[in-house]
Structure formats: structure tokens, C-alpha cells
Amino acid sequence: MKAGFWVAPEGSDTPLAILPIGGVDLSPRQGRDGLRFLATSDAAALVARCPRVADLLPRLADALDRQTATAPGLIFDLGRLGEEEMRLVADVLGEGEVAATVALPDGVVAQVQESVMAGLWRVRFTDAGGRLVADYAEVSAVPQAVRRAAAMTLPDLEIATPPEGAMNVLPVLAEIRDAVLSRRPGDPPRTISLTLLPMTPEDLDFLQASLGTGPVRLVSRGYGNCRAQATAINGVWSIQFTNSMDTVLLDTIEIGDVPEVVSAAEEDFRDSAERLREIHEAYFV
């Protein structure tokens with residue numbers, strides 16, 4: 001077990017990524033950035049066979065230009081593209097710093113991967129049998145699937161009697177509950193640093209049991225390594241920053257919207273729009 005409020009299941013600490021579905025690997029050819037492939041003669045022939053991808057990129061760039069951090073996501077369905085077209089889209093988008101898994105009702109799971117252009121995401125849904133049911137690109141600060149799942153949590157926190165050996169968990173739970181009940185839309189997040197508190201193992205176990213585990217897990221490589229796990233209480237997140245050895249450096253509870261550490265900022269959209277247009281002009285025109 002690792003130190004911190006949220007303990008990952010064994011073997012699940014590697015960065016999340018979109019998984020191949022139906023036996024077809026649609027991950028980028030060159031790791032996080034497939035643009036090196038686009039500079040080859042094979043890519044030129046592929047681009048010529050995929051005019052719908054060439055048409056899609058300017059529309060994505062226009063959406064990035066007009067998007068804001070608080071606006072609903074703009075969705076572009078990829079489900080009608082063929083295998084070659086989907087592979088080309090994967091090469092262009094690449095894999096960015098943030099990924100997520102989202103558990104939805106009826107066994108549906110959303111796999112989310114930010115592209116190398118911040119604010120542009122790939123979102124894929126599979127049903128309980130692992131079959132692909134939706135695949136789209138989304139321009140947003142945080143994909144709608146993440147926000148909706150995070151909202152499907154409990155509105156209040158019940159505080160039970162802590163076990164023997166617990167010392168400081170009750171004041172922490174009371175502070176969390178007060179922040180949950182007083183929170184209003186648009187309020188800045190409220191952060192409680194567990195790293196700075198003298199918490200016993202019994203405190204941390206009871207805290208985790210009281211808050212529960214929610215349906216969203218995000219990881220980010222943009223600010224070192226960061227894990228953000230939704231709890232079962234609405235607006236309450238466990239956020240941990242770790243080093244390369246996966247040692248927890250900062251362990252916090254944040255009460256607020258989806259954490260900013262995994263969200264695209266306003267300027268990210270404009271930068272990404274410019275970069276996507278450069279890619280389109282260099283390889284698709």
C-alpha cells in the first residue's frame with residue numbers, strides 16, 4: 001500500500017491511455033506525438049485517401065478558437081470514419097498529458113485521452129461487454145462525460161464514529177462536510193492538505209471509508225505526476241502529486257469542480273487552434 005488518502009489498486013498506477021477496441025490498435029504510431037509519421041511519403045498517400053480527415057481538422061481548429069473554459073463541450077463524431085481515417089486522426093491528435101477512466105451506469109465505461117493539443121480530447125465509450133458504442137473528439141476544458149459522472153455522487157457526507165487509534169479525522173471530515181454544504185457554482189476550490197496534518201493510518205483509513213470512491217479517475221503528467229480521484233461525495237476529490245518512484249509528495253482533498261490541474265485553460269484553446277491549423281497546412285493542403 002502507498003501512503004496517502006487514495007490507495008490505487010495493485011498495478012494500476014501507470015498513466016491511463018485509450019485502449020485498443022475490437023482488436024484494432026488506434027494509438028499514435030510514435031508514442032505521444034504521431035506527427036513524425038505525417039512527414040513520410042506513406043503518410044502523404046494516406047492523407048490523399050482520407051479527405052474527410054482533412055475536412056475535420058479546420059472545423060476542430062474553429063471550435064478551439066471559439067471555445068471558453070466554462071462553455072459546454074463541442075463534440076465531433078468519429079464513429080463514421082473508416083479504419084484508415086481513424087488511424088490518421090490518432091496520429092494527428094497524439095496523446096497529451098491528461099487521461100481518465102469514467103464509470104457510468106449499466107457498465108458503460110468512458111476512456112478519455114487529451115490530445116497533444118490541450119483542450120482537444122478523444123472520448124470513447126464501451127458497454128458492459130467491451131463493445132465500442134461511441135467515439136468522438138471533444139473541444140472542452142474537461143470532457144462532458146467526466147463532469148456528468150462526477151455529478152452523479154452523493155450530495156452530503158455522513159460522519160460515523162471513528163475507530164480506535166484515530167486522532168484527527170473528525171475535524172477533517174467536519175471541514176469537508178461544511179465545504180460541501182456551503183459550496184456554490186463558481187466558487188474557488190477549497191483544499192485540505194493531508195500531508196501537513198498528523199494523520200494516523202486509522203485516520204486515513206476512516207477518511208477513505210467515509211468519502212468512498214467515485215466514478216472518475218484522472219491522471220496528469222503536466223505538473224509532475226498527479227492523480228485525481230473523485231470520491232463518492234459530490235465535489236470532493238482526492239488529489240495526489242507523486243515523484244518518479246510513485247512516492248506521494250503532496251496529498252490533498254479538494255472540494256470544488258473538476259480540478260484545475262487536469263483542465264484546459266482559456267489560452268490553451270487558442271494555442272491549440274494555431275497548432276492544429278499549422279498541421280493542416282503542412283500536411284493536408
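Author: Glu-175 counts as partly exposed because its relative accessibility is 31%, where buried means under 20% relative accessible area, exposed means over 50%, and partly exposed lies in between (1.4 Å probe, protein chains only). This is a predicted model, in which local features need pLDDT of at least 70 and side-chain atom pairs count only at pLDDT 80 or more, while totals for chains, interfaces and linings use all residues. Residues are numbered from 1 along each chain as its sequence is written, and side-chain values use heavy atoms, with hydrogens and water left out.

Glu-175 forms a salt bridge with Arg-190, and the closest N and O atoms are 3.7 Å apart; a salt bridge here is a side-chain nitrogen of Lys or Arg within 4 Å of a carboxyl oxygen of Asp or Glu. Because Arg-190 lies in strand E6 (residues 190-193) and Glu-175 in helix H6 (residues 169-182), the pair ties together parts that are 15 residues apart in sequence. Helices (H or I, at least four residues) and strands (E, at least two) are DSSP runs, numbered from the N terminus. Arg-190 is also partly exposed, with a relative accessible area of 32%.

A search of the whole structure finds eleven salt bridges, and another of them joins the side chains of Asp-135 and Arg-122, at 2.8 Å from N to O. Since Asp-135 lies in strand E5 and Arg-122 in strand E4 (residues 120-126), this pair ties together parts that are 13 residues apart in sequence. Asp-135 counts as buried at 4% relative accessibility, and Arg-122 counts as buried at 6%.

In helix H8, Glu-266 and Arg-270 are four residues apart, which means that about one helical turn separates them, and their side chains meet in a salt bridge of 3.5 Å, N to O. Glu-266 is partly exposed at 34% relative accessibility, and Arg-270 is partly exposed at 30%.

Salt bridges can also be joined to one another, and Asp-62, Asp-65 and Arg-277 are linked in such a network. As for the general idea behind these pairs, side chains of opposite charge can pair when their charged atoms come close.
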